[in-house]
Amino acid sequence: MQCIYALSQTREESLDGQKKFLKGSIENMYVLYLLQLSLFTELHKLAEKHVLHDEKKYLSDEKTNWRNPRKFIDNLLLLQLQSNTLLKEQLEKRKLKNWYLNEEYVKIVYRDLVDSDLYKTYMKEEGRSFEKDREFLTEAFKQIIAPNEKIYEYFEDDRLTWVDDIPLVNTFLLKLMRKAAHDTPASYFLPELLKDQADLDFANELLTKTLLKDGEWEKEVEGKTPNWDKERIAEIDFILLKMAICELLSFSSIPEKVTINEYLEIAKEYSTPKSSIFINGILDKLVKEYKESGKMRKSGRGLL
């Protein structure tokens, strides 16, 4: 979806160029994810420096006068990320030293964090549990880190295509954090974007068929939205609908329910609040029409 949106902006026309763009887009998005994830480890390092520095002071100010000054750096989820060897390997493999070379951004985020009411409330609370630590770190990411304007500007300056990827990467990371457990393995936060070559082949085929028949898919959508001006339909919704129609008509082995549920979930995560209802209504009409006309044929185990 993100790749098709980006291609619609660049107007790349050659199929080879589109496939190359897709592969590069997947890798760039993963790099962005690694940088967002590693920002937690850099915050941990910085916080630890501050704690060690404060321990040497005779007098502490109000900001550092906590009953347990190590509460943040001993956050159980934060320690999971800080000690994640797979993350360190991926950063070293790609030679990603962005935060080391641009430490001022880490300091900006850290300052915003410790000045927040969320942080102050957390530091005042007694006791510890993984659930409470996870809740705090998740909210810190949602409220302070993800929407940080300076971090956004840094990513935009570093790689312009990341502007479109940031919401997807942040949403994905937030979902992982919310489901993390005390015994979560290191691999949990380092998922493969593509399981194997078959995944990349499918992505390339879906991309190609969606783009090659873009006009045809667009007419299908317009035929079911007579009272809607094209300009009034969110661009992401239009792309999701065209991809879903392409999958319904061009991939006979994928059950229709799987396709519909998949795109409804994507709409819920990445588009407007009412998008999933709008998309579900159109796809429901189209599926009934395709079945009656015989235009949609599904094959394989458990399919008609």
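User: Which residues in α12 meet which residues in α13?

Analyst: Contact here means heavy atoms within 4.5 Å. In this predicted model, Asp214, Trp217, Glu218, Glu220, Val221 and Glu222 of α12 meet Phe238, Leu241, Lys242, Ile245, Cys246, Leu249 and Ser250 of α13. The residues of that contact split into seven nonpolar, one polar and five charged (Ala, Val, Leu, Ile, Met, Phe, Trp, Tyr, Cys and Pro count as nonpolar, Asp, Glu, Lys and Arg as charged, the others, Gly among them, as polar).

User: At what angle do the axes of α12 and α13 cross?

Analyst: The axes of α12 (residues 214-223) and α13 (residues 235-250) cross at roughly 105 degrees and come within 9 Å. That makes α12 roughly perpendicular to α13, a label for angles of 65 to 115 degrees.

User: Which residues touch the most other members of the largest nonpolar core?

Analyst: First, the general idea: in soluble globular proteins, nonpolar side chains tend to be buried together. A nonpolar core is a set of buried Ala, Val, Leu, Ile, Met, Phe, Trp, Tyr and Cys residues joined through side-chain atoms within 4.5 Å. Here the largest has 53 residues, and Tyr33, Phe40, Phe72, Trp99, Leu137, Phe155 and Phe189 touch the most other members. Helix α2 (15-55) gives the most, with 14 residues.

User: Is Lys95 buried or exposed?

Analyst: Buried means under 20% relative accessible area, exposed over 50%, partly exposed in between (1.4 Å probe, protein chains only). Lys95 has 69% relative accessibility, so Lys95 counts as exposed. You'll find Lys95 in the loop between α4 and α5, with a positive phi of about 55 degrees although Lys95 is not a glycine.

How values were computed:
Residues are numbered from 1 along each chain as its sequence is written. This is a predicted model: local features need pLDDT of at least 70, side-chain atom pairs count only at pLDDT 80 or more; totals for chains, interfaces and linings use all residues. Side-chain values use heavy atoms; hydrogens and water are left out. Axes are lines fitted to C-alpha atoms, for helices over the stretch in contact, and angles run from 0 to 180 degrees between N-to-C directions. Helices (H or I, at least four residues) and strands (E, at least two) are DSSP runs, numbered from the N terminus. Angles under 35 degrees count as roughly parallel, over 145 as roughly antiparallel, 65 to 115 as roughly perpendicular and the rest as oblique.
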